[in-house]
Amino acid sequence: MKTLLTNIRIETGYLTQDNFTYGTATKEIAIIFDAGVVTDVLDDEVKINKAKLTQNIIVIDGQNNLLLPQLREMHVHFDKSKLGIPWTPIEPVQNRIERFEKEFDYLKKAPLSFTQRMENLLNLELSYGVTHFRSHIDIHPAVGQKSLEAAKKVLENYHDKLDYELVAFPQHGLLLSNAFSEMKSALQNGATLVGGVDPISIDGNLEKSLNQTFELATQFNAPIDYHLHERHHDARQTFAKFLSLIEETNWQGKVTISHAYGLRDLPKEERKELFAQLAKNKVTIISSISLDFVIPPLIELKSAGVKTFIGNDNIYDCWSPFGSGDVMDKLNRYAEIFDLTSQKELTESLELVTNQKLITPAGWIKEGMPADFTLVNASSTAEFVARRIPVAKSYFKGQQVK
Ligand SMILES: [Zn+2]
């Protein structure tokens, strides 16, 4: 059924006076979508009025809201959520290995089913307006394909609300837990990205661990999204190995490094050189904007041309008692930490959760795009980010979700 969404605004340019950008210009538009796809973008009153008279068209009043792209959660763990379980704090551990061993035991006996915990997580994030998810799913011999199967089953019931990417994640170490063959099965079984974690501090063999990661990626033609917590010289070596493997396999544009704490440890000149290499090889960096002084230098990366995204990562799980589940909280924190206070900086920051340039004279939305978008009662994107204005409505493939 054709739908006409009227009375919505789109930003078309910055408003500047005496070198000070004080806001954005918007224009009123209407869009038509059909079968989940935008079929028309109308900015002319006569055409909009004519469209309203089309037979069998549903007309929705957008209430003068700002039209923004789909919000994307780029780093979450569907299988780790404790949402719905009565409060328990975090058990102290000595290191990451002990953490994931304890986590495994805890989740096996968790007082709420996998399905319910994952639904709670999805419902929470949907309530904040997100409709795209990239989730890591633990894969190792002890858990096998169980979490992946369970996650896929839950996702079947959400097919009209969200789209997703699943990363096969050898949380217990690709080598350490001997996960290679389970990883292969996961990639035959619905996971579309190859994950990984710390080739030195977890796996203890940089060469072998990353060689196997790229072997999986090239064999299944899958992009990589890798959890990297290595610091200082270990980070330096790991990035060098990543870059040489990317060049060897032509995996440009298909590698994401999540966390990438170690990038902040390198001296300025070295960072400059490395960031240029990351940009050239189209490596993406994803951060969960942690507050413990391990955030990679995201602004420096961005100005070097490296694509950056953010995600929630932990939302009340065995690793962290925190996390609101609202990716816009993370974006707001990012803007505050990096002191992004201008109209332009705040506007551009939204690209970290939309992967979409927002301000163009014609507006960002185009015919042929999927009808995935967000409506917000804000004067501008900058206000939406800085003032944490709640999402009014979200649409996925033309269906209202929030
Ligand atoms: Zn993670």
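Colleague: Which residues does F100 touch, not counting residues up to four places away in sequence?

Modeller: This is a predicted model, in which local features need pLDDT of at least 70 and side-chain atom pairs count only at pLDDT 80 or more, while totals for chains, interfaces and linings use all residues. Residues are numbered from 1 along each chain as its sequence is written. Two residues are in contact if their C-beta atoms, placed from the backbone, lie within 7 Å. With residues up to four places away left out, F100 touches Q171 and H172.

Colleague: How far apart in space are F100 and Q171, C-alpha to C-alpha?

Modeller: F100 has its place in helix α2. Helices (H or I, at least four residues) and strands (E, at least two) are DSSP runs, numbered from the N terminus. F100 and Q171 are 71 residues apart in sequence, but the distance in space is 7.4 Å.

Colleague: Is F100 buried or exposed?

Modeller: A residue is buried if 20 or more other C-beta atoms lie within 10 Å of its own, exposed if 12 or fewer, and partly exposed in between; the C-beta atoms are placed from the backbone. F100 has 22 other C-beta atoms within 10 Å, so it is buried.

Colleague: How far in space is E91 from Q55?

Modeller: E91 is found in the loop between β5 (71-76) and α2 (96-108). With 11 C-beta neighbours inside 10 Å, E91 counts as exposed. E91 and Q55 are 36 residues apart in sequence, and their C-alpha atoms are apart by 61 Å.

Colleague: What distance separates the C-alpha atoms of L42 and I31?

Modeller: L42 is in strand β3 (residues 37-42), and with 18 C-beta neighbours inside 10 Å it counts as partly exposed. Neighbours within four places in sequence aside, its contacts are I29, A30, K47, I48 and A51. L42 and I31 are eleven residues apart along the chain, and their C-alpha atoms are separated by 6.0 Å.

Colleague: Which residues of helix α4 (residues 146-156) are buried?

Modeller: An α-helix has 3.6 residues a turn, so residues three or four places apart point the same way. In α4 the buried residues are S147, L148, A151 and L155.

Colleague: Which residues are in contact with I139, its neighbours within four places in sequence left aside?

Modeller: I139 is among the core residues with the most contacts inside the core. Its contacts are L148, A168, F169, P170, A179, E182, M183 and A186.

Colleague: How many residues does each domain give to the contact between domain 1 and domain 2?

Modeller: Domain bounds come from an automatic or database domain assignment. Taken over C-alpha atoms, the centres of domain 1 and domain 2 are separated by 33 Å. The contact takes from domain 1 eight residues and from domain 2 nine residues.

Colleague: Which strand gives the largest share of the side of domain 1 that touches domain 2?

Modeller: That share is three residues, and it comes from strand β14 (residues 391-396).

Colleague: Is H259 buried or exposed?

Modeller: H259 is found in strand β10 (residues 255-259). Its phi is near 75°, a positive value in a residue other than glycine. H259 has 23 C-beta neighbours inside 10 Å and therefore counts as buried.

How values were computed. Core = buried A, V, L, I, M, F, W, Y, C linked by C-beta atoms within 7 Å.
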